[in-house]
Amino acid sequence: MSDINSLVEARIDYREKYRPQFHFSPRKHWMNDPNGLVFYKGEYHLFYQYYPGGNTWGPMHWGHAKSNDMVKWQHCPIALEPDELGMIFSGSVVVDWHDTSGFFNGGDGLVAIFTHSNEGVQSQSIAYSLDEGQTWTKYENNPVIPNEHIKDFRDPKVFWHDDTQNWIMVLAAGQKVMLYGSTNLKNWTFLSEFGESDGAHGGVWECPDLFSLPVNGDLLNQKWILQVDIGSGAVAGGSGAQYFVGEFDGTTFKNVNEAEKTLWLDFGKDFYATQSFSDIPIEDGRRILLAWMSNWEYANEVPTSPWRSAMTIPREVELRQTANGDLKLHQHPIHELKQLRQEKIKINNRVVNGEMNVLKDQKEEVFELIAEVENLSAEEFGFELRKSSKNKQGTIVGYNLLTNELFIDREKSGDVSFSKQFKGKHVATIEKGLNKVKFHIFVDKSSIELFFQEGEVVLTDLIFPDDDSQELAFYIKGGEVTILNLEVYVLKSVWEDESEGATKVNE
Ligand code: FRU
């Protein structure tokens with residue numbers, strides 16, 4: 001490439017139309033699932049399903065990035081490439097602290113456990129890294145779990161189970177998950193299966209995860225979360241993420257809820273292939289997950305170039321018992337994101353009705369909005385974001401008190417033309433009779449993440465508004481409410497050094 005061309009490319013890097021400013025996206029080409037999320041020697045690693053040959057899904061590699069804080073990412077060389085056993089599908093990475101695998105000469109190191117996919121037949125394989133994830137060697141006796149007959153057999157997530165001193169693998173297999181155990185990550189024994197008649201089955205089960213969480217922060221009262229995503233038929237249509245709450249004894253997972261009950265992690269349409277980080281230190285104690293921010297119904301068509309897809313912001317999950325006794329996951333944006341805040345708007349104690357828009361004259365494109373609202377004597381209220389009065393554009397984040405529905409309506413959000421499945425309104429039904437509510441909203445160039453009531457209900461949706469659709473509105477229909485407090489923070493770009501090449505490696 002000529003000097004002038006590379007200069008031009010560097011200038012537009014991470015400033016292209018729709019380019020996420022505080023979400024991870026690859027510099028160019030296609031990305032899907034997060035893989036191998038792990039914390040090791042002070043760094044968070046994010047591997048991901050990647051096709052370096054184009055801007056649509058193709059032969060899968062593992063791309064790689066790392067970070068000190070899960071906010072600012074540094075691109076690294078591709079970690080795993082297809083080989084004679086097939087493409088490299090989704091999987092996980094663990095730290096083998098005590099060299100159970102024998103790869104590390106008595107020390108410790110990273111082991112990746114992933115799916116090899118060869119002409120539709122999938123088996124499980126491993127690779128190890130002696131240099132903190134930079135380069136990988138595939139194990140000579142791959143696959144470690146061969147397969148000839150099971151259709152859709154993939155996405156191993158592995159963790160160390162202290163009570164049984166075993167590695168446990170949870171694997172998606174058609175309409176259920178299968179659990180395997182191992183002492184050395186090389187030889188695996190089938191333990192049990194779960195889910196054939198539990199939860200939602202609108203599509204193939206993919207990308208499972210299994211971890212324990214304290215109930216209401218009580219370390220002596222732990223439950224297990226089995227998260228399983230489905231390829232179609234999820235709550236907002238297309239692909240999405242469900243979870244089960246249960247017990248796990250090292251062999252079998254038991255659902256504590258009735259089999260028919262489906263719990264959704266996210267009620268928006270763009271939250272898939274969820275995975276949580278492995279090996280976050282006990283002193284930290286957080287369980288942090290993120291997801292691919294797209295949907296298989298249109299992921300290959302979204303109007304972005306030269307990259308396709310971004311990850312959600314990382315979210316800390318907690319298990320809380322709600323007023324009616326249900327155990328529910330609550331999601332919180334990780335606190336590290338606060339470093340991006342630049343304060344902009346603050347409103348306190350304001351009684352508002354349909355005649356006024358307290359956010360009139362404000363313009364924001366990439367921002368975080370937090371609002372606590374009480375005395376809810378209205379039919380509906382909420383926010384219009386990325387709005388343009390001139391172009392009649394805008395995305396509505398609303399709460400309807402007549403129907404008890406929380407929603408994101410992206411019908412008029414901007415470019416919706418690339419797929420019939422994209423337009424629409426995504427809804428979560430919430431408990432009746434709330435008199436004080438809290439919205440926590442993250443808006444990037446092409447996405448909205450809404451955390452409602454301390455993350456009890458979450459919606460994630462892509463949007464593709466015009467650059468100059470930046471007006472804001474707080475709207476109310478049929479009554480009045482009190483804005484207890486409302487804060488808007490402009491968020492700094494995590495890619496601001498990108499044009500100097502500071503975070504650029506390879507590709
Ligand atoms: C989920 C998925 C996984 C598979 C990968 C292939 O989005 O279909 O099941 O491993 O993508 O890219």
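Predicted model: local features only at pLDDT ≥ 70, side-chain atom pairs only at ≥ 80, totals over all residues.

Biologist: OK, so is Lys269 buried or exposed?

Modeller: Lys269 is buried, because its relative accessible area is 5% and the cut-off for buried is under 20%.

Biologist: And where is Lys269 found?

Modeller: Lys269 sits in the loop between strand 17 (263-264) and strand 18. If you want a distance, the C-alpha atoms of Lys269 and Val170 are separated by 25 Å, and the two residues are 99 apart along the chain.

Biologist: How many residues of strand 18 are buried?

Modeller: Five of its five residues, which are 272-276. Strand 18 also pairs with strand 19 (residues 288-292) in the antiparallel sense, over three bridges. In that pairing, Gln275 has Leu290 in strand 19 as its bridge partner.

Biologist: Changing topic: which domains does UniProt place here?

Modeller: An unreviewed UniProt entry puts "Glycosyl hydrolase family 32 N-terminal" at residues 23-333.

Biologist: Now the ligand. Which residues come nearest to the ligand?

Modeller: There are 13 residues around the ligand, and Asp33, Gln49, Arg154, Asp155 and Glu206 come nearest. By class, that shell has six nonpolar, three polar and four charged residues.

Biologist: Which strands supply at least two residues of that shell?

Modeller: Strand 1 (29-40), strand 5 (87-96), strand 9 (153-161) and strand 13 (205-215) each do.

Biologist: What about the side chains, how far are their polar atoms from the ligand's oxygens?

Modeller: A polar side-chain atom of Arg154 is 2.7 Å from a ligand oxygen. For Trp296, an N or O atom in the side chain lies 2.9 Å from a ligand oxygen, and for Trp57 that distance is 3.0 Å. The ligand on its own has 320 Å² of accessible area, and the protein covers 95% of that.

Biologist: You mentioned strand 13. What does strand 13 pair with?

Modeller: Strand 13 pairs with strand 14 (residues 218-230) in the antiparallel sense, over nine bridges. Glu206 stands opposite Asp229 in strand 14. The two strands make a hairpin with two residues between them, where Asn216 takes a positive phi near 50°.

Biologist: And what stands opposite Asp229 in strand 15?

Modeller: Ala241 does. Strand 14 and strand 15 (residues 240-248) are antiparallel too, with seven bridges.

Biologist: Last one: which residues of strand 31 are buried on each side?

Modeller: Val457, Leu459 and Asp461 are buried on one side, and Val458, Thr460 and Leu462 on the other. In a regular strand, side chains alternate between the two faces of the sheet.

Biologist: What's strand 31 paired with?

Modeller: Strand 30 (residues 447-452) pairs with strand 31 in the antiparallel sense over six bridges, and Leu450 stands opposite Leu459. The two strands form a hairpin with four residues between them, and Gln453 in the turn has a positive phi of about 50°.

Key: Residues numbered from 1 in each chain as written. Heavy atoms only, no water. UniProt positions renumbered as here; feature names shortened; annotations may be inferred. Near = heavy atom within 4 Å. Polar contact = N/O pair within 3.5 Å; in protein donor to acceptor, adjacent residues only side chain to side chain. Areas by Shrake-Rupley, 256 points an atom, 1.4 Å probe, with all protein chains shown as cover. Nonpolar A, V, L, I, M, F, W, Y, C, P; charged D, E, K, R; others polar. Buried < 20%, exposed > 50% of the residue type's maximum accessible area, 1.4 Å probe, protein only. Pairing = 2+ DSSP bridges.
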